[in-house]
There are 2 protein chains.
Amino acid sequence: MDVNLNNYFNNYENLEVHELMLRDRPRQQAYKRAIESNANLFKDKVVLDVGAGTGILSAFCAKAGAKLVYAVEASNLAEIALKVMEDNGLTPVVKVIHSKIEDFCLPTSAERVDIIISEWMGFYLLHEGMLDSVLFARDKFLKPDGLMFPTECAIYVAPCSVPSRFDDWENVDGVRLTSFSSKLRKQKSNNPEILQISPEELLHSGTLVHWMNLIDTVAQDLNEIIFEDVLAAEKSGKHQGFCIWFECRFPSENYEEAVVLSTAPNSPLTHWKQCVVVLPENACTEIDNNAPISFKMSMRRRSNDHRKYDLEFELLDPYVIEHPVPCDCYMTKFHFIKYT
Amino acid sequence: MDVNLNNYFNNYENLEVHELMLRDRPRQQAYKRAIESNANLFKDKVVLDVGAGTGILSAFCAKAGAKLVYAVEASNLAEIALKVMEDNGLTPVVKVIHSKIEDFCLPTSAERVDIIISEWMGFYLLHEGMLDSVLFARDKFLKPDGLMFPTECAIYVAPCSVPSRFDDWENVDGVRLTSFSSKLRKQKSNNPEILQISPEELLHSGTLVHWMNLIDTVAQDLNEIIFEDVLAAEKSGKHQGFCIWFECRFPSENYEEAVVLSTAPNSPLTHWKQCVVVLPENACTEIDNNAPISFKMSMRRRSNDHRKYDLEFELLDPYVIEHPVPCDCYMTKFHFIKYT
């Protein structure tokens with residue numbers, strides 16, 4: 001993987017990456033619905049699209065009634081975005097700017113935009129670290145009462161089974177291939193894996209690791225996220241890993257009706273799939289329903305490459321650490337009784 | 001892509017390649033059925049598995065009753081194959097040899113094997129050029145009346161539409177992205193693409209380009225395959241490319257009941273998918289049912305890398321070239337009448 005900035009943008013010049021994103025229906029539909037259902041918020045407004053790529057989100061904003069859209073794109077995709085705007089008759093509204101957002105200037109230093117839109121999310125939300133650029137743009141260009149699309153994000157984690165890494169190999173057409181699969185797992189063990197986890201493979205419906213409001217989050221908040229919890233398994237099964245996903249919420253006049261782009265296992269599959277930290281074979285255990293699973297999770301930005309994170313999980317001894325109150329696990333002696 | 005031999009084998013040490021192959025159900029099932037349904041042919045026989053990988057085909061042969069299986073693997077996978085044989089109690093039958101087949105020797109120079117099995121097929125059959133090693137093994141190690149698994153192969157081609165490269169981009173959620181898609185196509189235009197083509201996208205059911213019997217084919221036959229034909233479109237549509245696929249037939253006492261591994265668009269999808277040569281945009285045409293499509297196709301082994309081929313298509317003028325007799329295209333003045 002690349003560590004310097006030039007390579008970072010070069011990656012985005014591989015058009016297949018953009019093809020993958022444009023073919024991601026839940027992603028596209030979430031942005032489209034979030035914009036169209038908020039047409040009143042876009043009407044006659046000035047929008048800044050950070051990392052515009054092919055410009056499709058800028059086009060959605062223009063079609064929703066924006067007066068002016070700045071589509072800022074650092075890679076050569078900017079040339080394509082410009083042609084896309086021409087092809088769609090949108091050049092009067094969408095101004096494509098080939099620039100890093102950090103080098104971009106609005107026509108006057110006092111000018112501010114009403115809305116910032118960006119699709120900056122990476123695997124497990126923070127991979128790629130593009131959010132830093134979005135927060136930079138917010139601080140420099142957004143009006144005090146301006147809107148962010150999306151406006152809230154949350155990261156979730158759940159213990160899970162990962163049969164594709166273990167059980168599938170016990171019997172491959174009558175042949176035991178576990179010697180192969182453990183090598184395969186070893187080859188991949190230093191990195192979280194981007195896999196599809198089915199809802200049935202989750203041992204817990206998921207717990208919130210981190211929530212942020214993009215209106216006031218600062219980049220430093222993202223340097224280190226540490227989370228410790230005891231979860232009670234919601235069913236029995238093989239605990240073979242931790243599944244991480246995220247959700248992004250878009251602004252809405254009615255919070256309950258806001259468009260949410262979810263990459264959870266029970267949501268339609270996106271190109272982000274789920275991010276899975278697979279346990280070493282000797283740490284995998286069969287667990288019962290209600291068994292406590294206690295762990296510490298940390299996401300730390302790398303000092304030598306601020307776009308990457310190190311993910312670490314530590315399994316903790318549920319007999320030693322403090323449980324939340326109330327805790328549903330079977331170690332808990334007293335339960336609150338819920339009246340319904 | 002790699003041009004030297006060390007890199008060629010290193011690629012096979014990326015275990016994800018093997019994961020992909022082992023998860024390819026039609027591939028696995030074809031070999032398993034071909035072996036199991038011919039258990040009488042394997043009973044007490046000596047088998048050579050060329051490029052054994054994880055050793056799964058050798059295991060199938062051993063379970064089908066082979067007396068002895070030489071599993072020859074050039075990459076480090078040989079170590080895994082050895083463990084797989086131990087895990088399955090097959091070490092008395094399967095001898096794993098970490099060697100290139102070209103360096104391998106049977107215990108006595110006079111010894112020969114009854115059956116050679118290998119999964120050597122690459123994209124459009126010949127990519128990777130591993131067949132050369134299989135033919136080498138046949139000439140050196142196979143008894144005169146020995147069997148090859150598979151024993152016959154055929155390459156087919158058909159004109160097709162490729163909507164994923166053209167039409168899908170006319171309207172992406174209301175935005176015309178053809179400027180993006182034509183750049184995308186240009187980025188990929190020097191290489192055939194490995195795509196899934198649906199049967200509905202074919203404009204013709206396919207014509208045989210090359211057929212070979214692995215019992216008597218020689219490597220030189222594979223240096224250059226040139227094919228010229230006029231096909232009558234079997235439906236109207238957009239001619240945007242040529243789709244190439246292959247079939248492999250395994251030995252059987254009853255030819256009609258032989259197991260066939262097909263990578264045709266109307267067969268279950270394999271990891272080979274289909275190989276598509278996409279036409280330049282200005283060569284794409286709307287064609288009518290029965291319209292003649294005349295072309296010359298060549299597959300030429302590269303002089304500097306015998307594992308790779310250059311694929312070339314030339315569209316010919318159907319008014320100039322000679323049509324087959326009978327020809328179903330609408331230019332043909334006289335038709336044979338079929339009585340049913």
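Visitor: Does B:Lys188 count as buried or exposed?

Guide: This is a predicted model, where local features need pLDDT of at least 70, side-chain atom pairs count only at pLDDT 80 or more, and totals for chains, interfaces and linings use all residues. Residues are numbered from 1 along each chain as its sequence is written, chains are lettered from A and ligands from 1 in the order written, and side-chain values use heavy atoms, without hydrogens and water. Buried means under 20% relative accessible area, exposed over 50%, and partly exposed in between (1.4 Å probe, protein chains only). B:Lys188 has 11% relative accessibility, so the residue counts as buried.

Visitor: Which side chain does the side chain of B:Lys188 make a polar contact with?

Guide: B:Lys188 lies in helix 8 (residues 178-188) of chain B; helices are DSSP runs of H or I, at least four residues, and strands are runs of E, at least two, numbered from the N terminus. A polar contact is a pair of N or O atoms within 3.5 Å; within protein, one must be able to donate a hydrogen and the other to accept it, and residues adjacent in sequence count only if both atoms are side-chain atoms. At 3.3 Å, the partner is the side chain of A:Glu19.

Visitor: How many residues of chain A are in contact with chain B?

Guide: Contact means heavy atoms within 4.5 Å. 100% of the interface residues of chain A are also interface residues in chain B, so the copies meet through the same surface. On the chain B side, 39 residues take part, and the number in chain A is 39.

Visitor: Which element gives the largest share of the side of chain A that touches chain B?

Guide: Elements that give two or more residues to that side include helix 2 (15-22) and helix 3 (25-36) of chain A. The largest share is seven residues, and they come from helix 8 of chain A.

Visitor: Which residue of chain B forms a salt bridge with A:Asp173?

Guide: A salt bridge is a side-chain nitrogen of Lys or Arg within 4 Å of a carboxyl oxygen of Asp or Glu. Across the interface, the rule finds ten. For A:Asp173, the closest N and O atoms are 2.5 Å apart, and the partner is B:Arg25.

Visitor: How many residues of helix 7 of chain B are buried?

Guide: The buried residues of this helix pack against strands of chain B, among them strand 1 (46-50) and strand 4 (113-117). B:Leu131 and B:Phe141 are among the buried ones. Helix 7 (residues 131-141) is largely enclosed by the rest of the structure, because the buried count, out of eleven residues, is eight.
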